[in-house]
Amino acid sequence: MAEIHAIQRALKKIRLRARLHWITLCGGLVSALLLIPVSIAAAKVAGLVWVILSIATWMSPMMSVCPSCHKSFFKGPFPSVWALSKCANCGMGLDGGA
């Protein structure tokens with residue numbers, strides 16, 4: 001029973017990391033674009049911060065390990081929307097099912 005809870009916690013962490021990446025990627029772009037009419041300097045700073053945070057949050061899901069097969073959860077350079085649902089190696093779903 002403890003193993004099931006550990007797997008569920010690990011899957012929850014992977015979901016959180018992947019969602020954070022997409023929120024940062026989309027939200028940062030929108031905020032930088034919205035700042036352009038206000039101030040070009042502020043938009044440049046927001047754009048730089050957006051790039052740095054996007055890289056940092058991109059690396060986090062890429063380093064996630066599947067709690068079932070103990071291999072990398074994602075394959076490829078980006079955690080695509082379709083790949084977010086299951087492990088690229090064993091097929092374990094983020095909901096805990098296969």
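Q: Where is T24 found?
A: T24 sits in helix α1, residues 2-35. Helices here are DSSP runs of H or I with at least four residues, strands are runs of E with at least two, and both are numbered from the N terminus. Keep in mind that this is a predicted model, where local features need pLDDT of at least 70 and side-chain atom pairs count only at pLDDT 80 or more, while totals for chains, interfaces and linings use all residues. Residues are numbered from 1 along each chain as its sequence is written, and side-chain values use heavy atoms, with hydrogens and water left out.
Q: Ok, is T24 buried or exposed?
A: T24 is buried, at a relative accessible area of 14%. Buried means under 20%, exposed over 50%, and partly exposed in between, with a 1.4 Å probe and protein chains only.
Q: What is T24 in contact with, leaving aside neighbours within four places in sequence?
A: L29, W50, L53, S54 and T57. Contact means heavy atoms within 4.5 Å.
Q: And S54, where's the place of that one?
A: S54 is in helix α2, residues 40-62. S54 is buried too, with a relative accessible area of 9%. Apart from neighbours within four places in sequence, S54 touches H21, T24 and L25.
Q: Switching topic: what does the secondary structure of the chain come to?
A: Two helices and zero strands.
Q: How much of the chain do buried residues make up?
A: 28% of the 98 residues.
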